Each structure stands twice: as C-alpha cells, then as structure tokens.
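Trainee: I'd like to learn how to read a few features off a model. Can we go through them together?

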Amino acid sequence: MKDEQVISSLQNPKVKRLLLLQQKSQQRRKEGVFVVEGRRELEHCVEAGYEVESIFTLHSPLSTIHYPLFTVTPQVYEKMAYRGTTEGIIAIVKAKRLLLEDLQLSEHPLIVVLESVEKPGNLGAVLRSADAAQADAVIVCDPLTDLYNPNLIRSSIGAVFTVPTVACTSEECIAFLKQHGIQILTAQLQDSSLYYNTDMTGGTAIVMGTESTGLTDQWRRAATAHIRIPMLGRLDSLNVSVSAAVLLFEAVRQRQAIAHSI
C-alpha cells in the first residue's frame with residue numbers, strides 16, 4: 001500500500017475530481033482516465049491489464065492493495081457511488097485504446113458489431129452476452145457513447161474488460177472484416193432470411209443498428225447475408241441487447257453441434 005488517507009469532506013479535491021470524471025466524458029478523455037466501481041468490475045479491469053491510478057474504499061484498507069489508497073467516510077462514499085452494492089470500492093483507472101489491428105482472432109471468429117449505439121445500458125448488456133458466448137470482440141462503429149461511461153461499465157458488470165472492445169468507423173470495420181474473410185450478417189427486417197437458417201459456423205460478424213433507425217445503407221450493401229429474428233406479435237423489433245443474445249447463442253449452438261458431431 002503506497003498511500004493512505006481518510007477523506008471526510010465532500011469538498012476534497014480528490015472527491016470533486018472523481019465525481020467530474022464520472023459525469024463528464026470530455027474530462028475522461030482529457031485526463032485519459034475513467035472510474036470503475038465495484039470489486040468484481042475492478043478485478044476484471046486489472047486482469048485485462050489496465051493500470052490503476054488510485055482506489056477509494058469505504059472499509060478498512062486492504063493489505064493486498066498496492067495502489068494509492070484513500071479511505072472515505074460513509075457520507076463521502078454515498079456521494080461518490082453510483083449504486084450501493086459495490087462492496088465499498090471505487091477506483092480511478094488509466095484508459096487505453098484497443099485498435100482493430102490489436103484484436104487476436106480465433107480460427108473462426110465470432111464478432112458483434114454495433115452501429116451508432118447510444119444507450120450505455122444497451123451496450124453493456126450486449127457485452128455481457130458477448131462474454132457469455134465467448135465472442136472474439138465487440139466492435140462499436142461511429143459510437144454515440146464512450147466506452148468508459150460509468151453506466152456502461154456497471155451494466156456490463158465488467159464485461160467491457162473481459163471482451164476486447166474496439167471503437168472505429170463503419171468504413172474501417174467493413175474493410176477489417178473483409179480483409180479477414182469474416183462474413184457480415186446484418187440484422188434487418190427487409191430482404192432477410194430467418195437467422196437459424198443461416199450458417200454461422202465460420203468467421204462471422206453479427207451487425208446491428210439502433211432500434212429507432214436500424215442499419216445504414218453502407219452496412220446493408222456490405223453484408224454477406226441479411227438475417228432476421230421472427231416477430232410473431234404486433235411489434236416489429238426487439239431491444240438490441242436481446243437480439244444480440246439470440247443471434248450470438250444461435251452461433252454458439254451451431255458451433256457446438258459441429259464440435260459434438262466430430
């Protein structure tokens with residue numbers, strides 16, 4: 001443990017800074033850091049190779065922590081914490097940007113591509129499904145939310161650290177997928193086949209847009225095939241995170257069926 005202080009004032013500069021980092025993406029980008037709340041999320045973050053700058057804890061200092069550590073009073077922690085069930089630990093972590101060329105793909109990669117996703121909670125839920133399906137990566141094209149948004153980290157339960165996640169333009173992503181021979185399956189209602197009739201056992205990118213506007217034409221044109229989930233009720237769409245889970249686990253089902261038949 002390199003440092004230990006007890007912080008009891010909400011006017012403490014360290015508390016003010018952390019709150020600003022939670023609230024302002026511009027400040028996170030300016031400083032190159034972000035906030036992680038919760039022991040499980042922080043463990044995933046450290047395991048992914050992120051560097052912790054400092055830790056704020058509600059409880060007695062932990063002897064196993066080797067970062068600058070500050071103990072805070074319950075009043076201060078309540079102000080700092082997004083939610084109460086985070087085991088009394090919040091950290092400021094140095095950001096790092098993963099690029100497309102940094103991705104380490106399996107022999108038959110499974111990738112989720114999201115175009116212009118704007119709700120951090122949706123992206124976080126997609127990341128949880130991608131982790132569960134052991135997807136190679138999630139690629140966020142032309143993002144409207146930053147990857148270190150506290151709501152995203154919280155809703156992903158740390159999956160943003162366990163699943164390689166890249167932000168780039170749609171053009172860059174399409175070129176990358178074609179370069180690696182990965183089929184592009186766009187989820188759309190028009191001119192599409194049922195998802196379970198589409199072969200997903202080879203390298204596959206499942207591409208989804210926003211619920212309000214769907215995918216742009218450049219993705220529709222770039223697609224190897226268009227797929228859809230049957231909608232039997234009166235509504236014509238599912239939440240993007242639900243759709244991602246359905247399609248990811250169809251790919252898992254197909255791949256496991258082949259593995260078991262060998």
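Trainee: Is Q218 buried, partly exposed or exposed?

Mentor: Keep in mind that this is a predicted model. Residues under 20% relative accessible area count as buried and those over 50% as exposed. Q218 comes out at 23%, so Q218 is partly exposed. Q218 sits in helix α9, residues 217–222.

Trainee: Which residues is Q218 in contact with, beyond its neighbours within four places in sequence?

Mentor: E115, S170, E171 and I174. Take E171: it is 47 residues away from Q218 in sequence, yet the C-alpha atoms are 8.3 Å apart.

Trainee: Now a helix. Which residues of α3 are buried?

Mentor: The general idea: with 3.6 residues a turn in an α-helix, residues three or four places apart point the same way. In α3 (residues 39–47), E41, L42 and C45 are buried. They span an arc of only 95° around the axis, so they lie on the same side of α3. Among the elements covering them are β2, β3, β5, α6 and α7. Just after α3, G49 has a positive phi of about 95°.

Trainee: And how do α5 and α10 cross?

Mentor: Packed helices are described by the angle and the distance between their axes. The axes of α5 (residues 120–132) and α10 (residues 240–261) come within 8 Å and cross at roughly 15°. The two helices are therefore roughly parallel to each other, and the crossing is right-handed. Residues making the contact include A125 and V126 of α5 and L248 and F249 of α10. By type, the contact residues divide into nine nonpolar, three polar and no charged.

Note on methods
Residues numbered from 1 in each chain as written. Predicted model: local features only at pLDDT ≥ 70, side-chain atom pairs only at ≥ 80, totals over all residues. Heavy atoms only, no water. Axes fitted to C-alpha atoms, helices over the stretch in contact; angles between N-to-C directions. Helix = DSSP H or I, 4+ residues; strand = E, 2+ residues; numbered from the N terminus. Parallel < 35°, antiparallel > 145°, perpendicular 65-115°, else oblique. Left-handed = near helix turned anticlockwise from the far one by under 90°. Contact = heavy atoms within 4.5 Å. Nonpolar A, V, L, I, M, F, W, Y, C, P; charged D, E, K, R; others polar. Buried < 20%, exposed > 50% of the residue type's maximum accessible area, 1.4 Å probe, protein only. Arc of directions from axis to C-beta.
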